[in-house]
Amino acid sequence: MRYSEELIEEVRSSNDIVDVIGQYVHIQKKGSNYMGLCPFHNEKSGSFSVSPSKQLYHCFGCGAGGNVITFLMKYDNLTFQEAVKQLADRAGIKLPDEDNSPQAKALRDKKQILYDINKEAAKYYYYQLRSKSGQKGMEYFRERKLSDETMQHFGLGYANISSNDLVKYLKDKGYTDAQIIEAGLASHDEKMGTHDKFWNRVMFPIQDASQKVIGFGGRVMGDGRPKYLNSPETPIFDKSRNLFGLNYAKNSRAGYMIICEGYMDVIAMHQAGFDMAVASLGTAFTTGQAMILKRYTDEVILSYDSDEAGTKAALRGIGILKEAGIKGKVLDLRPYKDPDEFIKNLGKEAFEERIRNAENTFFFEVRIMESRHDMSDPESKTEFHRELAKKLCEFEEALERENYIEAVAAKYNIAVDDLRRLVASFAAKGGLVKPAERPKSGIQKKNTPEDGARKNQRLLLTWLTDEPKLFSKVSRYVTPEDFSDELYRSVARELFMGMQNGNFSPAAILDRFTEEEEHRQVAEMFNTNLVEIETKDQRRKAFHDIIYGVKLAGYERQKSELKPDDPDFLTKTIQGKKELEKLAHAEISPDD
């Protein structure tokens, strides 16, 4: 559905960006803006700024930026239309009814088509499970003690043993072979043509945080391989940035989340009332998934299988949670392998008790470390104590390190002074171990003259939006054509025109641009910080230098576009140079 610019402006202006972002991110007023921790990258000190006057957000750390629509699109992986609809509903604005004609359907972007295909596939699998042909799948779920309500809640389904039933169904709905394949629901080869990717499997629809089906997991019936098959990566399905069950768990009031390994673990836990459970999607737990969890909670309990593979996964997960700044604990499921098996054998109350007694991640790591040593052998026991002391060096804060030294000494019956001295000796040898720093995003490179020119232009645009009264002074010297590249000129044209008419809006200007990278750059143009200015002389000099810098970049660009054989080349070049010399010595002040 394509909405008019007037309607989009109404929706955006009816949703204050501070109120909307404040529902997702903890932000506090700091000066004229609001600041908080960026939800789009890991950081310990807040560099995420929200401007109520500009109705824009910008992260000075990772560069993410945009308006209230852009925020929802990025935060919840929504399409533009979906974000507008969500904000319209929030503001009580009625949008035009969606046009489902073939012509309108053809205009939908690729992502929306893929969402539609996955939704149809989910409906198809759901129906098949409850038909005669899905009896085998239904028996499997019954054996796993799932209720009808739970199966319906998670939209569980079944893929028939035939290899092209779904393809036929979707083609009857008007979708092409190429679209079905791109959605990850079919494959193609010369022998079989286009055929179903999933067959003879019980099906688990994977939904994003906004309840849209983005992919599937399928467990084979019988001894086929692979046992579990997941949808491939598609434009709407990134395994490393989604979690099974998050669409429900995000609304839990538990105050923490539990991450486990498989679909059935999540479903069994939700059925037992533990609605905070999620699972990674056929892949190891990733930093991207940790950052998603951080949007909803500060504490995560790891509930991996109690076998060796599960232990390795838990140790890896602890590191990822630390990196993301999330408090972690580890659930002890012994003597059972996984949450599903535990709950079936010991029940809900026993599982609740295990949650209450979930193990501190440091002590879990130490316990695993201890299991690799023979504590009856003095040499092996001493080596364990050395490794323990090295691990205690990881705590950078002296008070926290001392607290753990005392706790570990008591737990393992070590003289606290001896352990403290051992920790100090390792710290003196190698220094306290510091967590690895996350690499900065983007390619690091030296500043170029072009970078300096663009910074001047960003500073001028930011200054204008902060102090619109300066427009009359700026426009005496600078025009949009003085900006160095097309994106900057386009933004300057929109801003100058709006200021001339007295109705400029940085948030509205952003909607003229559709690409995410353009949004980031435009938001940066309106959120570039000046070096701190303390006096009127500093303010006057900064204003003069910025205008001169913008004018110089415009002159250099326009000169480069003139051809030497142009009869006016020399005249225009000399005239431009004279204007620059005059501007260099002119008294230009923002406060005159």
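In the predicted model, Gly328 has a relative accessibility of 13% and therefore counts as buried, the limit being under 20%. This glycine belongs to strand β15, which covers residues 327–330. When neighbours within four places in sequence are set aside, the contacts of Gly328 are with Val300, Leu321 and Thr361. Gly317 stands 11 residues from Gly328 in sequence, and the C-alpha atoms of the two glycines are 8.9 Å apart.

The side chain of Lys329 meets that of Glu299 at 3.9 Å, N to O. Because Glu299 lies in strand β14 (residues 299–303) and Lys329 in strand β15, this pair ties together parts that are 30 residues apart in sequence. Lys329 counts as partly exposed, with a relative accessibility of 22%.

The count of salt bridges in the model comes to 32. One of them joins the side chains of Asp208 and Lys212 at 3.1 Å, N to O; both of these residues are buried. Another links Glu383 to Arg386, with the closest N and O atoms 3.5 Å apart. Glu383 and Arg386 both lie in helix α17 (residues 378–392) and are 3 residues apart, about one turn of the helix. An α-helix has 3.6 residues a turn, so residues three or four places apart point the same way. Relative accessibility is 30% for Glu383, which counts as partly exposed, and 38% for Arg386, which also counts as partly exposed.

Helix α1 spans residues 5–13, and its buried residues are Leu7, Ile8, Val11 and Arg12. Viewed down the helix axis, these buried residues fall within an arc of 130 degrees, so they line one face of α1. The face turned away from the buried side carries the exposed residues Glu5, Glu6 and Ser13. Among the elements covering the buried residues of α1 are α3 (68–75), α4 (80–91) and α23 (506–510).

At the level of the whole chain, the domain assignment gives domain 1 (5–91), domain 2 (99–237), domain 3 (372–430) and domain 4 (449–585). The C-alpha centres of domain 1 and domain 3 are separated by 46 Å. An unreviewed UniProt entry places a feature named "zinc finger region: CHC2-type" at residues 38–62. In the model, this span is 32% strand and 0% helix, and its end C-alpha atoms lie 8 Å apart.

Methods: Residues are numbered from 1 along each chain as its sequence is written. This is a predicted model: local features need pLDDT of at least 70, side-chain atom pairs count only at pLDDT 80 or more; totals for chains, interfaces and linings use all residues. Side-chain values use heavy atoms; hydrogens and water are left out. UniProt positions are given in the numbering used here, feature names are shortened, and annotations may be inferred rather than shown by experiment. Helices (H or I, at least four residues) and strands (E, at least two) are DSSP runs, numbered from the N terminus. Buried means under 20% relative accessible area, exposed over 50%, partly exposed in between (1.4 Å probe, protein chains only). Contact means heavy atoms within 4.5 Å. The arc is that of the directions from the helix axis to the C-beta atoms. Domain bounds come from an automatic or database domain assignment. A salt bridge is a side-chain nitrogen of Lys or Arg within 4 Å of a carboxyl oxygen of Asp or Glu.
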